[in-house]
Amino acid sequence: MSDSMAELYRVEELGKTVSGPAGELTILSGLNLTVEEGESLAILGASGSGKSTLLHMLGALDAPTQGMVYFKGRPLGEMTPAEAALFRNRQLGFVFQFHHLLPEFSTVENVAMQAIIGGMSRREALERAEVALESVGLAARRDHNVTTLSGGERQRAAIARATLLCPEVLLADEPTGNLDEKTGNLVMDLLLELNRVKGMTLVVVTHNRELAARMGRRLELKSGVLYDEGRL
(Lines give C-alpha, C1' and ligand atoms only; values in the text may rest on other atoms or scores of the structure.)
Protein backbone atom coordinates (compact mmCIF):
# COMPACT_ATOMS: atom_id res chain seq x y z
CA MET A 1 0.00 0.00 0.00
CA SER A 2 1.38 3.44 -0.88
CA ASP A 3 2.35 5.89 1.86
CA SER A 4 0.11 8.58 0.39
CA MET A 5 -3.10 6.57 0.52
CA ALA A 6 -4.88 5.18 3.55
CA GLU A 7 -6.69 1.87 3.80
CA LEU A 8 -10.43 2.30 3.43
CA TYR A 9 -11.70 -1.29 3.20
CA ARG A 10 -10.12 -4.46 4.49
CA VAL A 11 -11.73 -7.79 3.68
CA GLU A 12 -10.50 -10.84 5.59
CA GLU A 13 -11.25 -14.48 4.69
CA LEU A 14 -14.67 -13.49 3.38
CA GLY A 15 -17.04 -16.30 2.48
CA LYS A 16 -20.67 -16.63 1.47
CA THR A 17 -22.72 -19.79 1.19
CA VAL A 18 -26.42 -20.18 0.57
CA SER A 19 -28.74 -23.15 0.79
CA GLY A 20 -30.07 -24.62 -2.43
CA PRO A 21 -32.03 -27.66 -3.60
CA ALA A 22 -28.82 -29.67 -3.89
CA GLY A 23 -27.38 -28.48 -0.58
CA GLU A 24 -25.09 -25.60 0.28
CA LEU A 25 -23.77 -23.49 -2.60
CA THR A 26 -20.51 -21.58 -2.15
CA ILE A 27 -20.64 -18.13 -3.75
CA LEU A 28 -17.46 -16.64 -2.26
CA SER A 29 -14.59 -18.43 -0.53
CA GLY A 30 -11.74 -17.00 1.53
CA LEU A 31 -11.55 -13.57 -0.08
CA ASN A 32 -8.88 -11.15 1.11
CA LEU A 33 -8.85 -7.61 -0.24
CA THR A 34 -7.85 -4.07 0.62
CA VAL A 35 -9.18 -0.92 -1.02
CA GLU A 36 -7.33 2.35 -0.59
CA GLU A 37 -8.89 5.78 -0.24
CA GLY A 38 -9.25 7.49 -3.60
CA GLU A 39 -8.43 4.50 -5.81
CA SER A 40 -10.46 3.11 -8.69
CA LEU A 41 -10.87 -0.66 -8.61
CA ALA A 42 -12.58 -2.94 -11.12
CA ILE A 43 -13.67 -6.42 -10.09
CA LEU A 44 -14.22 -8.53 -13.18
CA GLY A 45 -16.31 -11.65 -13.34
CA ALA A 46 -18.80 -13.54 -15.42
CA SER A 47 -22.46 -13.70 -14.48
CA GLY A 48 -22.82 -15.77 -11.31
CA SER A 49 -19.20 -15.32 -10.24
CA GLY A 50 -20.18 -13.61 -6.98
CA LYS A 51 -19.07 -10.09 -7.85
CA SER A 52 -22.44 -8.49 -7.03
CA THR A 53 -22.55 -10.39 -3.75
CA LEU A 54 -19.11 -9.00 -2.86
CA LEU A 55 -20.21 -5.46 -3.73
CA HIS A 56 -23.33 -5.84 -1.59
CA MET A 57 -21.19 -6.89 1.37
CA LEU A 58 -18.91 -3.87 0.87
CA GLY A 59 -22.08 -1.80 0.99
CA ALA A 60 -23.50 -3.48 4.12
CA LEU A 61 -26.44 -4.72 2.07
CA ASP A 62 -25.59 -8.37 2.69
CA ALA A 63 -23.72 -10.24 5.41
CA PRO A 64 -20.99 -12.87 4.94
CA THR A 65 -21.30 -16.34 6.39
CA GLN A 66 -17.63 -16.24 7.31
CA GLY A 67 -14.92 -13.62 7.55
CA MET A 68 -15.30 -9.88 7.97
CA VAL A 69 -15.47 -6.60 6.07
CA TYR A 70 -13.85 -3.61 7.79
CA PHE A 71 -14.40 0.03 6.82
CA LYS A 72 -11.75 2.32 8.27
CA GLY A 73 -11.06 -0.40 10.79
CA ARG A 74 -14.68 -0.80 11.84
CA PRO A 75 -16.28 -4.22 11.27
CA LEU A 76 -19.47 -3.77 9.24
CA GLY A 77 -20.91 -6.96 10.68
CA GLU A 78 -21.05 -5.43 14.15
CA MET A 79 -23.19 -2.48 13.08
CA THR A 80 -26.80 -2.36 14.21
CA PRO A 81 -29.38 -2.10 11.40
CA ALA A 82 -29.76 1.62 12.17
CA GLU A 83 -25.99 2.15 12.07
CA ALA A 84 -25.72 0.26 8.78
CA ALA A 85 -28.51 2.37 7.26
CA LEU A 86 -26.76 5.57 8.35
CA PHE A 87 -23.45 4.27 6.97
CA ARG A 88 -25.05 3.60 3.58
CA ASN A 89 -26.81 6.97 3.53
CA ARG A 90 -23.86 9.14 4.52
CA GLN A 91 -20.70 7.40 3.34
CA LEU A 92 -21.67 5.33 0.31
CA GLY A 93 -23.17 6.00 -3.09
CA PHE A 94 -24.68 3.12 -5.06
CA VAL A 95 -24.98 2.94 -8.86
CA PHE A 96 -26.69 -0.18 -10.19
CA GLN A 97 -27.27 -1.60 -13.65
CA PHE A 98 -30.95 -0.81 -13.15
CA HIS A 99 -31.20 2.79 -12.02
CA HIS A 100 -34.08 2.23 -9.54
CA LEU A 101 -35.58 5.68 -10.12
CA LEU A 102 -39.15 6.16 -8.90
CA PRO A 103 -41.52 6.78 -11.83
CA GLU A 104 -44.03 8.81 -9.82
CA PHE A 105 -41.47 11.57 -9.11
CA SER A 106 -39.63 14.14 -11.22
CA THR A 107 -35.92 13.87 -11.95
CA VAL A 108 -34.94 16.41 -9.30
CA GLU A 109 -37.18 14.76 -6.71
CA ASN A 110 -35.57 11.39 -7.41
CA VAL A 111 -32.10 12.84 -6.96
CA ALA A 112 -33.10 14.58 -3.71
CA MET A 113 -34.75 11.50 -2.22
CA GLN A 114 -31.71 10.08 -0.42
CA ALA A 115 -31.05 13.38 1.35
CA ILE A 116 -34.69 13.77 2.37
CA ILE A 117 -34.73 10.22 3.74
CA GLY A 118 -31.56 11.08 5.64
CA GLY A 119 -33.29 13.97 7.42
CA MET A 120 -32.36 16.97 5.28
CA SER A 121 -35.06 19.55 4.70
CA ARG A 122 -36.89 19.18 1.40
CA ARG A 123 -35.84 22.67 0.31
CA GLU A 124 -32.13 22.09 0.91
CA ALA A 125 -32.28 18.61 -0.64
CA LEU A 126 -33.89 19.97 -3.81
CA GLU A 127 -31.35 22.78 -4.01
CA ARG A 128 -28.52 20.27 -3.75
CA ALA A 129 -30.22 18.03 -6.29
CA GLU A 130 -30.33 20.89 -8.80
CA VAL A 131 -26.56 21.37 -8.43
CA ALA A 132 -26.00 17.62 -8.78
CA LEU A 133 -28.11 17.47 -11.93
CA GLU A 134 -26.15 20.35 -13.43
CA SER A 135 -22.91 18.49 -12.71
CA VAL A 136 -24.07 15.51 -14.79
CA GLY A 137 -25.51 17.63 -17.60
CA LEU A 138 -29.18 17.17 -16.75
CA ALA A 139 -30.20 20.63 -15.52
CA ALA A 140 -32.66 20.99 -18.41
CA ARG A 141 -34.40 17.77 -17.39
CA ARG A 142 -34.94 18.88 -13.79
CA ASP A 143 -38.75 18.80 -13.80
CA HIS A 144 -39.23 16.00 -16.30
CA ASN A 145 -40.74 12.74 -15.17
CA VAL A 146 -37.98 10.10 -15.15
CA THR A 147 -40.02 7.89 -17.48
CA THR A 148 -39.32 10.41 -20.26
CA LEU A 149 -35.54 10.18 -19.88
CA SER A 150 -33.33 8.05 -22.09
CA GLY A 151 -31.38 5.16 -20.61
CA GLY A 152 -28.20 7.20 -20.41
CA GLU A 153 -30.02 10.14 -18.84
CA ARG A 154 -31.57 7.86 -16.23
CA GLN A 155 -28.18 6.46 -15.32
CA ARG A 156 -26.72 9.97 -15.05
CA ALA A 157 -29.63 10.91 -12.77
CA ALA A 158 -28.84 7.83 -10.68
CA ILE A 159 -25.22 8.98 -10.41
CA ALA A 160 -26.37 12.45 -9.35
CA ARG A 161 -28.50 10.81 -6.65
CA ALA A 162 -25.64 8.58 -5.52
CA THR A 163 -23.22 11.52 -5.17
CA LEU A 164 -25.63 14.08 -3.71
CA LEU A 165 -24.24 13.78 -0.17
CA CYS A 166 -20.60 13.60 -1.34
CA PRO A 167 -19.98 10.00 -0.23
CA GLU A 168 -16.50 8.65 0.34
CA VAL A 169 -17.17 5.59 -1.82
CA LEU A 170 -19.06 4.90 -5.03
CA LEU A 171 -20.05 1.24 -5.45
CA ALA A 172 -21.17 0.50 -9.01
CA ASP A 173 -22.70 -2.78 -10.20
CA GLU A 174 -22.53 -3.13 -14.01
CA PRO A 175 -23.24 0.63 -14.37
CA THR A 176 -23.10 0.48 -18.19
CA GLY A 177 -24.69 -2.94 -18.61
CA ASN A 178 -27.93 -1.67 -20.14
CA LEU A 179 -26.39 1.07 -22.28
CA ASP A 180 -25.00 1.20 -25.80
CA GLU A 181 -21.24 1.58 -26.14
CA LYS A 182 -21.21 5.36 -26.69
CA THR A 183 -23.56 6.11 -23.82
CA GLY A 184 -21.76 3.62 -21.58
CA ASN A 185 -18.46 5.39 -22.21
CA LEU A 186 -20.04 8.73 -21.28
CA VAL A 187 -21.34 7.26 -18.01
CA MET A 188 -17.93 5.75 -17.27
CA ASP A 189 -16.27 9.11 -18.03
CA LEU A 190 -18.50 10.67 -15.40
CA LEU A 191 -17.69 8.04 -12.75
CA LEU A 192 -13.96 8.36 -13.37
CA GLU A 193 -14.19 12.15 -13.20
CA LEU A 194 -15.81 11.87 -9.77
CA ASN A 195 -12.95 9.63 -8.73
CA ARG A 196 -10.22 11.92 -10.07
CA VAL A 197 -11.66 15.35 -9.33
CA LYS A 198 -13.59 14.76 -6.11
CA GLY A 199 -11.48 11.91 -4.79
CA MET A 200 -14.36 9.48 -4.35
CA THR A 201 -13.14 5.91 -4.06
CA LEU A 202 -14.64 3.94 -6.96
CA VAL A 203 -15.32 0.21 -6.92
CA VAL A 204 -16.97 -1.19 -10.05
CA VAL A 205 -17.99 -4.79 -10.64
CA THR A 206 -18.39 -5.68 -14.29
CA HIS A 207 -17.90 -8.31 -16.95
CA ASN A 208 -16.77 -5.62 -19.42
CA ARG A 209 -12.98 -5.78 -19.82
CA GLU A 210 -12.79 -2.58 -21.86
CA LEU A 211 -14.53 -0.70 -19.07
CA ALA A 212 -12.33 -2.35 -16.44
CA ALA A 213 -9.19 -1.37 -18.37
CA ARG A 214 -9.91 2.28 -17.58
CA MET A 215 -9.70 1.67 -13.83
CA GLY A 216 -6.56 2.00 -11.76
CA ARG A 217 -6.56 -1.63 -10.56
CA ARG A 218 -8.25 -4.78 -11.78
CA LEU A 219 -9.08 -8.01 -9.98
CA GLU A 220 -11.01 -11.02 -11.26
CA LEU A 221 -13.49 -13.31 -9.52
CA LYS A 222 -13.57 -16.92 -10.68
CA SER A 223 -15.50 -19.60 -8.84
CA GLY A 224 -15.79 -17.37 -5.80
CA VAL A 225 -12.05 -16.65 -5.53
CA LEU A 226 -10.24 -13.35 -6.25
CA TYR A 227 -7.21 -13.24 -8.55
CA ASP A 228 -5.15 -10.54 -10.19
CA GLU A 229 -6.64 -10.04 -13.63
CA GLY A 230 -5.60 -12.78 -16.03
CA ARG A 231 -3.85 -14.88 -13.36
CA LEU A 232 -5.03 -18.06 -11.66
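Reader: Which residues in H3 meet which residues in H4?

Author: Thr107, Val108, Glu109, Val111, Ala112, Ala115 and Ile116 in H3 meet Arg122, Ala125, Leu126, Ala129, Glu130, Ala132 and Leu133 in H4. Contact here means heavy atoms within 4.5 Å. Helices (H or I, at least four residues) and strands (E, at least two) are DSSP runs, numbered from the N terminus. This is a predicted model, in which local features need pLDDT of at least 70 and side-chain atom pairs count only at pLDDT 80 or more, while totals for chains, interfaces and linings use all residues. Residues are numbered from 1 along each chain as its sequence is written, and side-chain values use heavy atoms, with hydrogens and water left out.

Reader: At what angle do H3 and H4 pack?

Author: Axes are lines fitted to C-alpha atoms, for helices over the stretch in contact, and angles run from 0 to 180 degrees between N-to-C directions. Helix H3 (residues 107–117) and helix H4 (residues 122–135) pack at about 125°, with their axes 8 Å apart. H3 and H4 are therefore oblique to each other (under 35 degrees counts as roughly parallel, over 145 as roughly antiparallel, 65 to 115 as roughly perpendicular, and the rest as oblique).

Reader: What is the order of the strands in the open sheet?

Author: Strands of a sheet pair through backbone hydrogen bonds, either parallel or antiparallel. Two strands count as paired if DSSP finds at least two bridges between them. Here six strands form an open sheet in the order E6-E7-E8-E3-E9-E10, with mixed pairing. Strand E6 (92–96) and strand E10 (225–228) stand at the edges, each with a single partner strand, so one side of each has no neighbour in the sheet. From one strand to the next, the twist averages 20°.

Reader: How many bridges join E6 to E7?

Author: Five bridges join E6 to strand E7 (residues 169–173), and the two run parallel. One of the pairs is Gly93 with its bridge partner in E7, Leu170. Helix H2 (residues 81–91) packs on the sheet, touching E6 and E7, and its direction makes about 80° with that of E6.

Reader: Where does Asn208 lie?

Author: Asn208 lies in the loop between strand E8 (201–206) and helix H7 (209–212). Its relative accessible area is 29%, so Asn208 is partly exposed (buried means under 20%, exposed over 50%, partly exposed in between, with a 1.4 Å probe and protein chains only). The side chain of Asn208 reaches the backbone nitrogen of Glu210 at 3.0 Å. Asn208 and Leu44 are 164 residues apart in sequence, but 7.3 Å apart in space, C-alpha to C-alpha.

Notes. A polar contact is a pair of N or O atoms within 3.5 Å; within protein, one must be able to donate a hydrogen and the other to accept it, and residues adjacent in sequence count only if both atoms are side-chain atoms.
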